[in-house]
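Please read them alongside the coordinates.

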Amino acid sequence: MTLPFRRRHHDDESAHDRARSLTSAGMLEPLSIEDEAWLAGHHESCAECSQEREAFLADRALLRGLRERTPEPPRDLWARTSAAIEREARGNRGRRPVPARRHGLPFGAAAGALLVIVVIGASILRGPIPLPNATPPGSQAAINSFEPQPTTFEIPAGSLAYIRSAANGSWEFVRADVDAVCPRTRPSCAPLIEDDPARPVTLAGTPTGMTVSPDDTQLVVAARGAGNAPDRIYVVDVPPATPAVTPAPTDAPVMPSGEPVTPEPVTPAPESPEPSVVVPDGIVEIASGVMVVGEAAYSADGKWLAFSARPSDGSSGPDLYLWTRGQKTATAVTTDHGTYFSTWLGDRVLASRVESPTAPDADASGAPATAEAHPVSFLLDPATLTQSDLAHPDLWLPVVDPTGRFVAYWSGTLVPSTDGLDWVLGTGQLVLDGWSSGPDGQPTPHPGKSPKPDATHVPALGPIGTPVAVVSGLTAAFKAKFDPSGTRLAVWIGEQVDADVGRLHLVVLDPTTGAISAEPEPLPGAPALRRFSIAEGRLAWVSPSGQDGQDSSVQVLGWSNNHFGEIRTIPAKALYIVR
């Protein structure tokens, strides 16, 4: 940049000084007619002052241009700065202080003065300096602010998938990689960065639940009907991350004479006896007039989809449905109107059904007591529809960890909901137990409560029978999921059986013994929507709209060993976790 007040030798300094003064003043306010005329005449006769004026104008344009380009500090700036400060502090320990020089500023003071000049210059260019937290967390302004970001730490790399509403009312499929989070002591990370461009997705009706296939090519949506349209469950294709390029048409072949070749007529292939039901908007409807109870889920290989659904009119309870690609519609594989899908166990469905409740006895006052039902859980082979009941009594919605060592389930009875269409948790508790794969597998007894060794006894398929309470104070409904290592158990709890918002807990298990950690829960009941996902090193959920005065956001709790941190997405009007 030009230094405006350097001195010249052998010149009329008063004329040059007046020219510089008027040039500077003219950048702030209009000059008088006399001063403008004098300055123009001086610039015509003085090449140096004319060049100096052009340099002034160029510098001003450069500085004003900084208003539109906010510098973005490196992500690890604060980490490197704090490390340098710490090294300097360690190096100065035990040293005698060096007295300041009598003449001139010490280096530290000069650096501080330079920093003040830079800050003042920035404030002149950009207006008032924003105070900390002046911009909402997660906003673009917060991302671009000069406030140093917390030092992140790495977690096992993975990806999230979710659906969000766009500004124009459409829907988008979004994937984002997660490989680092901020420490719990300083959770104000920059928002999660979406790696792939958002893909537009066509949805029909108001979604109530979604899930995506393991290969991210199909999205299963449960939607409410509008007007006379019934509730329905449909499958829609997810567009690829990179749009396919349509090859340019080739020129038609020609005869040697120049005449075009007429292609021979092609006989159309016979139609399939069971064509797919595809509505005009590209949606494949696999069930109509029913609503999903709980969640739908694909098998690990993506071949089968399982869910429970009941008639929208409330005429009966839910049955278990199966669907595979190529089928016209989903098929109900139970008819008892009381079967609830829980999860997949390998290539088999793990589900629960409700036995008919017995007539209750009257209490001491003579009033009839509430009828309690006893659940039974079973495994079902989707290919053969063969069922295998688990011998353990009062076993409701069990979930086995991927390593096959442990199972979480409701151990107790159920009572009818107020409308009689569902079942509410009754007498019992949510427990963690050891799991036995039956005579063909090796049982893993629960640590601290192992049964006495018995070489002749091989536990049957199901829980070992040494339950330990996981979360107390359950009210109506729950959903449990393990991480791939089987050492983290996430539990969502709802105060009402059909609640959309509940509390999400994360329970830590000892990686060697499987015992529940005595340390405080890393997530002791965070407000969350019903659907969540857990993977290696992270738990993700959607916060309720209105929390902290913001829209919903996808929140992530990540961990590496016993270190926990957080990160989240930018808020949006509507969000649905699909993986």
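1. The largest cavity holds about 40 Å³ of space. A cavity here is a set of points, on a 1 Å grid over the protein atoms alone, where a 1.4 Å probe fits but cannot get out; lining residues have an atom within 4 Å of a point. Grid points are joined across faces, edges and corners, and the volume is the space filled by probe spheres set on the points. One cavity of 30 Å³ or more turns up in a search of the whole structure.

2. This is a predicted model, in which local features need pLDDT of at least 70 and side-chain atom pairs count only at pLDDT 80 or more, while totals for chains, interfaces and linings use all residues. Residues are numbered from 1 along each chain as its sequence is written, and side-chain values use heavy atoms, with hydrogens and water left out.

3. Which residues line the largest cavity? They are Ala19, Arg20, Thr23, His43, Cys49, Glu52, Arg53 and Phe56. Helix H1 (13–26) and helix H3 (47–65) each supply at least two residues of this lining, and H3 gives the largest share, four residues. Helices (H or I, at least four residues) and strands (E, at least two) are DSSP runs numbered from the N terminus. By class, the lining has three nonpolar, two polar and three charged residues; Ala, Val, Leu, Ile, Met, Phe, Trp, Tyr, Cys and Pro count as nonpolar, Asp, Glu, Lys and Arg as charged, and the others, Gly among them, as polar.

4. Overall, the protein has six helices and 29 strands. Of its 579 residues, 38% are buried (under 20% relative accessible area, with exposed over 50% and partly exposed in between; 1.4 Å probe, protein chains only). Among contacts (heavy atoms within 4.5 Å) between residues at least 6 apart in sequence, 51% join residues at least 24 apart.

5. The largest nonpolar core has 26 residues, of which Trp396, Trp410, Phe478, Phe482 and Leu489 touch the most other members. Strands E16 (395–400), E17 (406–416), E18 (423–436), E21 (477–482) and E22 (488–494) each supply at least two residues of this core. Such a core is a set of buried Ala, Val, Leu, Ile, Met, Phe, Trp, Tyr and Cys residues joined through side-chain atoms within 4.5 Å. Beyond four places in sequence, the contacts of Phe478 include Trp396, Trp410, Leu425 and Trp492.

6. His505 sits in strand E23 (residues 501–508) and is buried, at 12% relative accessible area. Its side chain makes a polar contact of 3.2 Å with that of Glu521 (a pair of N or O atoms within 3.5 Å; within protein, one must be able to donate a hydrogen and the other to accept it, and residues adjacent in sequence count only if both atoms are side-chain atoms).

7. Asp422 lies in the loop between E17 and E18. Is Asp422 buried or exposed? Asp422 counts as buried, because its relative accessibility is 13%. The side chains of Asp422 and Tyr340 form a polar contact of 3.0 Å. Arg310 and Val497 are also among the contacts of Asp422.

8. Gln555, in strand E27 (residues 554–560), is buried at 13% relative accessible area. A side-chain polar contact of 3.4 Å links Gln555 to Ser543. Gln555 and Pro191 are 364 residues apart in sequence, with their C-alpha atoms 9.7 Å apart in space.

Note on methods
On a 1 Å grid over the protein atoms alone, a cavity is a set of points where a 1.4 Å probe fits but cannot get out, and a pocket is an open set with protein on both sides within 12 Å along at least five of seven lines; lining residues have an atom within 4 Å of a point.
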